[in-house]
Amino acid sequence: MSIFEYLMVMVSIILGLSITQVLRGLSKIARSSQWSGVVTTYGVFLFALHVQTWWALWDLSTVPEWNFLFFLLLISIPSVLFATTELLFPMATTAETDWQAHYESVRKLFLSVLGLWTILALLETRIFLGTPLTHPYRIVQLSILGLIIAGILLPARRAHNWIAGSILFLLIVGQLIFRLLPGLA
C-alpha cells in the first residue's frame with residue numbers, strides 16, 4: 001500500500017460518513033410533508049459533489065511526496081464537505097422538519113462553507129497538480145463560486161431555487177465535459 005492509498009483511507013471514511021448524511025437527509029425530505037425544492041436540489045448536488053470529489057482526489061495519486069501539511073490540506077476537502085452536509089442535513093432533523101425554514105436559517109453559513117470548499121478545491125489542484133489558474137475548468141469553478149456568492153447576498157426564495165439548480169447543472173455539465181472528453185482534463 002502506498003502512502004497515498006493509506007491517506008485516502010481517512011478521506012474515504014470522511015466522505016463515506018458525509019454521503020450517508022446526504023442520503024439520510026434526502027430520505028427525510030422524501031418522507032416530509034414540508035418538502036423543499038432548494039434543499040432537495042442541494043442534496044442531490046452534494047451527493048454528486050461527494051462522488052466527484054472522491055473520483056477527483058485520485059488525481060492526487062501522482063503527487064510524489066506527502067507530508068503532514070499536505071495530508072491536512074488533503075483532508076480539508078472532505079472535512080469541509082462534511083460540514084456543508086451537516087449544515088444542510090443536521091442529525092437532529094426529522095421528516096416533520098420545515099425544510100424551507102431550516103434552509104433559510106442556515107443559508108448564509110451553508111453557502112459560505114460551500115464557497116470555502118470551492119476555493120479549497122481550486123487551491124488543491126494548483127498546489128498538488130500544478131493546474132494553472134487559466135485551466136478551462138476554472139470557468140466552471142468560478143461560475144459556481146459566483147452563484148454561491150449570489151446565494152449569500154440574495155434573500156429571495158425564488159432566486160435560491162434557480163441558483164441551486166444552476167449550481168447542480170454546472171457541476172454535471174462540467175464533469176461530463178472535462179472528465180469524459182479526452183484532452184480537456
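Modeller: A crossing of two helices is called left-handed if the near helix is turned anticlockwise from the far one by less than a right angle, and right-handed if it is turned clockwise. The model here is predicted. In it, helix α4 passes helix α5 in a left-handed crossing. The axes of α4 and α5 (residues 137-153) lie 9 Å apart, at an angle of about 160 degrees. Since angles over 145 degrees count as roughly antiparallel, α4 is roughly antiparallel to α5. On the α4 side the contact includes Leu111, Leu114, Ile119 and Leu122, and on the α5 side it includes Leu142, Leu145 and Ile148. By class, eleven nonpolar, six polar and four charged residues make up this contact of α4 with α5.

Now the rings. The whole structure holds eleven aromatic pairs. In one of them, Tyr42 and Phe110 have ring centres 5.1 Å apart and planes at 75 degrees, so this pair is edge-to-face. Tyr42 belongs to helix α2 (residues 37-57) and Phe110 to α4 (residues 99-129), so the pair ties together parts 68 residues apart in sequence. Tyr42 and Phe110 are both buried. The rings of Phe68 and Phe71, with centres 6.2 Å apart and planes at 40 degrees, form a tilted pair. Phe68 and Phe71 are three residues apart in helix α3 (residues 68-88), which means about one helical turn separates them. Phe68 is exposed, at 59% relative accessible area, whereas Phe71 is buried at 15%. Elsewhere, ring pairs join Phe4, Trp58, Trp66, Phe70 and Phe128 into a cluster.

Conventions: Residues are numbered from 1 along each chain as its sequence is written. This is a predicted model: local features need pLDDT of at least 70, side-chain atom pairs count only at pLDDT 80 or more; totals for chains, interfaces and linings use all residues. Side-chain values use heavy atoms; hydrogens and water are left out. Rings of Phe, Tyr and Trp (its six-membered ring) pair if their centres lie within 6.5 Å; planes under 30 degrees apart count as stacked, over 60 as edge-to-face and the rest as tilted. Helices (H or I, at least four residues) and strands (E, at least two) are DSSP runs, numbered from the N terminus. Buried means under 20% relative accessible area, exposed over 50%, partly exposed in between (1.4 Å probe, protein chains only). Axes are lines fitted to C-alpha atoms, for helices over the stretch in contact, and angles run from 0 to 180 degrees between N-to-C directions. Angles under 35 degrees count as roughly parallel, over 145 as roughly antiparallel, 65 to 115 as roughly perpendicular and the rest as oblique. Contact means heavy atoms within 4.5 Å. Ala, Val, Leu, Ile, Met, Phe, Trp, Tyr, Cys and Pro count as nonpolar, Asp, Glu, Lys and Arg as charged, and the others, Gly among them, as polar.
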